[in-house]
Amino acid sequence: MRSPRDVFTFYDPATKIWRGNNTQPLYNPNQSLGAFMLAVLNRNPQQIAQISVDTGARITCGEMCLRTIRVAQNLARMGYGPGNVFTMAVRNDEHAAPVLFACFALGIPVNTLDASFKRDDLSHMLSLVRSQIVFCDRDTWPEMKIALEMTKNDAVVFMVGKGGSQEGCKHVEELLTETRREDLFVPDHFEDASTRMAVILCSSGTTGKPKGVCLSHANCIANLTNLTDTRSTDVMLCFSSLYWLSGMFFLLIGTAVGGTRIITRDVFNPALALNIIDQFMVSVAFFPPAAALELLKHPQAARTDFSNIRLLFSGGSAVSAELKYALDKLIPHTSSRVGYGMSEIGGIATFSDANIYKAGCAGYLRPLIQAKIVDLNGESLDIGQQGEIMLKPFYKFLGYYGNEAATLEMLDPEGWLHTGDIGRFDEDGLLYVVDRKKDIIKYGNYQISPSELEGAIQSIPGVLNCCVTGIPVPGNDLPAALIVKCDEAEVDAEDVHRVMNANLGSYKQLRGGVYFTKELPMTPSGKILRRQCREILIEHYNNSSK
């Protein structure tokens, strides 16, 4: 492996700060995302921008541009513009992109929610953001209606998807009507795009209620630099909805480079994903680790043609070396990429390259971002020392919407973000993310990484997925595992204990027990809901102790 240090990533021993190189953004960040999207769509109007798996509809860049302008003009005619905030709780529908781009062009921030949210999560974000318009999936409407009533919000609701509107709602296609003034549209202009809010993403909510992460237009545009390997000839697949940073990022980068995005309203399932890869000759794809595991272990994987894949990304949570190497075997011409990022920086902090990877690393720093490792007192640590990862992007996030206390807790006065993740840098500048600070299991005087234990369990034949967490008992946390088996697999608790005993030290054994379940509680994008897994494991442990 060639070292990225002093080529792509740099270390200052005096300050103990790492930084990416000084490559400037490919595109001018000081503009509205809407103006930028319209400009790139106009560049090649005949190029296919989007193909719907569900309907077969193919939308060109020119058609996407026209739809964006019509939505923007019809919203403006209704009196909406800067000063408003909208909510989108939609699946990857063919109208999602032009609605989002139209909001960007009008200077209207958008809070993106997942269409699978129930009333509690919907009302939590609606009470925080107080949107004037809600774009809502038809399937989401029953829960959204209750959430709006709970928050006493009289927002105008536009339905998205087939089947027409519901009583009291409009349909998004009403915003696509011809205005006969399309050629006169001018997007909103910003003096300083780094201070103008574009999107309100949600923190993942895997351990508690989500917060609204506010990102500027400049932040979103600057972060497109991190996927310069994508091309206009690429066919791109990402199941994540706009609720997830990965879904938002794939939409923006796919549009920026003039690639073709394959979309579906369906949530991820391995058979569908493999069919899409085959049918559409996908060249760029993203799968969270849990989804990637399902993909690998599906019997159809061996019969799927992966020869067109150029870039295969996995991230969003820890990607073990075993998973990365297994993904590499799928793609004959290159190797998979792993990365580390967070909503609060608006993108990716580190990425591995095809020829720059060590087992367990998350890659090296990308341009326009700095990082350091600190101890419990906030003191910077040296190379190889483990502590909390701190990040400082050039374009910082604008805080948590309506939550100044949480913003001050996350962001220090110098602009450093507390990630809450434990990690270290090696001599080559590669980052190793050990675990979430709050997920670390404390047994005796030891600190145990759940990811390490999960990696050992996932290596066992017959294990599809797992989650390890601590069972709280007086003075200790007892590591326990919740495991999903492959169909017809015969693996049992004794098999798991045997592997753990053979490969890990005494203090890392599963003293809280091994339990099996049909499925793990997951977020819609494929992240494991550790808080719910912990509750399930505690219940199992208490029942087994009676």
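**Helix packing and a strand residue**

Modeller: Helices α4 and α5 are oblique to each other, because angles under 35 degrees count as roughly parallel, over 145 as roughly antiparallel, 65 to 115 as roughly perpendicular and the rest as oblique. This is a predicted model, in which local features need pLDDT of at least 70 and side-chain atom pairs pLDDT 80 or more, while totals for chains, interfaces and linings use all residues. Residues are numbered from 1 along each chain as its sequence is written, and side-chain values use heavy atoms, without hydrogens and water.

Colleague: At what angle do α4 and α5 pack, and how far apart are their axes?

Modeller: Helix α4 (residues 119–129) packs on helix α5 (residues 141–150) at about 45°, with the axes 8 Å apart.

Colleague: Which residues make the contact?

Modeller: Contact means heavy atoms within 4.5 Å. From α4 come R119, D120, L122, S123 and L126, and from α5 come E143, M144, I146, A147, L148 and M150. Seven of the contact residues are nonpolar, one is polar and three are charged.

Colleague: Is T260 buried or exposed?

Modeller: Buried means under 20% relative accessible area, exposed over 50%, and partly exposed in between (1.4 Å probe, protein chains only). T260, in strand β13 (residues 260–263), is buried at 9%.

Colleague: What is T260 in contact with beyond its neighbours within four places in sequence?

Modeller: T260 touches Q47, I48, A49, Q50, I51, D234, V235 and M236. A polar atom of the T260 side chain lies 2.7 Å from the backbone oxygen of I48.

Definitions and conventions. Axes fitted to C-alpha atoms, helices over the stretch in contact; angles between N-to-C directions. Helix = DSSP H or I, 4+ residues; strand = E, 2+ residues; numbered from the N terminus. Nonpolar A, V, L, I, M, F, W, Y, C, P; charged D, E, K, R; others polar. Polar contact = N/O pair within 3.5 Å; in protein donor to acceptor, adjacent residues only side chain to side chain.
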